[in-house]
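This report goes through one protein structure by topic. Please look at the sequence and the model below before reading on.

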Amino acid sequence: MSHMSNREIECPECGKFQKVTVWDSINVDLDAALRERLFAREINQFQCSSCGCKAFLDTPLLYHDMTRQFLVQYFPPSYLDKGLDATGRLDASRWKVVFDMTEMLRYILFRENLDS
């Protein structure tokens, strides 16, 4: 299942707060458009309605492809100081962990091409 929430985010340029949709996980079998949005860099993006500033929301994101049977978890490097998840646990044998969004996209393409 995909999971998102609306959060109040402060613009890094002008300081104005606005509600933004933040994705914690996406399941591309249940909503294929989310894959396209991820690759278009539209997932977890902020655009200020006041000044137009665009920024990536550097927050953990789980990508789940049930058909190809893989998970990949993005963790911002800044989270390493805080622990890998809210519970402090991670079963890294079950999924791939990456620390860069470009690495996440490359891994998804790699796994998709294994089935080709």
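## Nonpolar surface patch

In this predicted model, Met-1, Leu-30 and Met-66 make a nonpolar surface patch of about 380 Å². Met-66 sits in the loop that runs between strand S5 (61-65) and strand S6 (70-74). Its relative accessible area is 41%, so Met-66 is partly exposed.

## Overall make-up

The protein has two helices and seven strands. Read from the N terminus, the order of elements is β-β-α-β-β-β-β-β-α. Of its 116 residues, 35% count as buried.

The accessible surface comes to about 7,100 Å², and carbon and sulfur atoms account for 50% of that area. Among contacts between residues at least 6 apart in sequence, 51% join residues at least 24 apart.

## Salt bridges

Side chains of opposite charge can pair when their charged atoms come close. Six salt bridges are found in the whole structure. One of them joins Asp-24 and Arg-7, with the closest N and O atoms 2.9 Å apart. Asp-24 belongs to strand S2 (residues 17-27) and Arg-7 to strand S1 (residues 3-10), so this pair ties together parts that are 17 residues apart in sequence. Both partners count as partly exposed: Asp-24 has 24% relative accessibility, and Arg-7 has 30%.

Another salt bridge is formed by Glu-112 and Arg-35, where the closest N and O atoms are 2.6 Å apart. Because Glu-112 lies in helix H2 (residues 101-114) and Arg-35 in helix H1, the pair ties together parts that are 77 residues apart in sequence. Glu-112 is buried, with a relative accessible area of 9%, and Arg-35 counts as buried at 18%. These two residues also belong to a network of salt bridges that links Arg-35, Glu-36, Asp-65, Arg-68 and Glu-112.

Arg-37 and Glu-42 form a salt bridge as well, and their closest N and O atoms are 3.7 Å apart. Arg-37 is partly exposed, with a relative accessible area of 31%. Glu-42 also counts as partly exposed, at 44%.

## Aromatic rings

There are four aromatic pairs in the structure. The ring centres of Tyr-63 and Phe-70 are 5.9 Å apart and the ring planes are at 25 degrees, so this pair is stacked. Both of these residues, Tyr-63 and Phe-70, are buried. Together with Tyr-107 and Phe-110, they form one aromatic cluster.

A charged side chain is also placed over a ring: Arg-35 lies over the face of Phe-39, at 4.3 Å from the ring centre.

## Loops around strand S3

Which loop holds Arg-41? Arg-41 is in the loop between helix H1 (33-39) and S3. Although Arg-41 is not a glycine, it has a positive phi of about 60 degrees. Arg-41 counts as partly exposed, at 40% relative accessibility. Asn-44 is placed in the loop between H1 and S3 and, while not a glycine, has a positive phi near 60 degrees. With 2% relative accessibility, Asn-44 counts as buried.

Ser-50 lies in the loop between strand S3 (45-47) and strand S4 (54-56). Leaving out residues up to four places away in sequence, Ser-50 touches Cys-14 and Lys-16. Ser-50 and Lys-16 are 34 residues apart along the chain, and their C-alpha atoms are separated by 7.2 Å.

Note on methods:
Residues numbered from 1 in each chain as written. Predicted model: local features only at pLDDT ≥ 70, side-chain atom pairs only at ≥ 80, totals over all residues. Heavy atoms only, no water. Phe/Tyr/Trp six-rings, centres within 6.5 Å; stacked < 30°, edge-to-face > 60°. Buried < 20%, exposed > 50% of the residue type's maximum accessible area, 1.4 Å probe, protein only. Lys NZ or Arg CZ within 6 Å of the ring centre and 35° of its normal. Patch = residues over 30% accessible without salt bridge, like charges linked within 9 Å, V, L, I, M, F, W, Y side chains within 5 Å. Areas by Shrake-Rupley, 256 points an atom, 1.4 Å probe, with all protein chains shown as cover. Salt bridge = Lys/Arg side-chain N within 4 Å of Asp/Glu carboxyl O. Helix = DSSP H or I, 4+ residues; strand = E, 2+ residues; numbered from the N terminus. Contact = heavy atoms within 4.5 Å.
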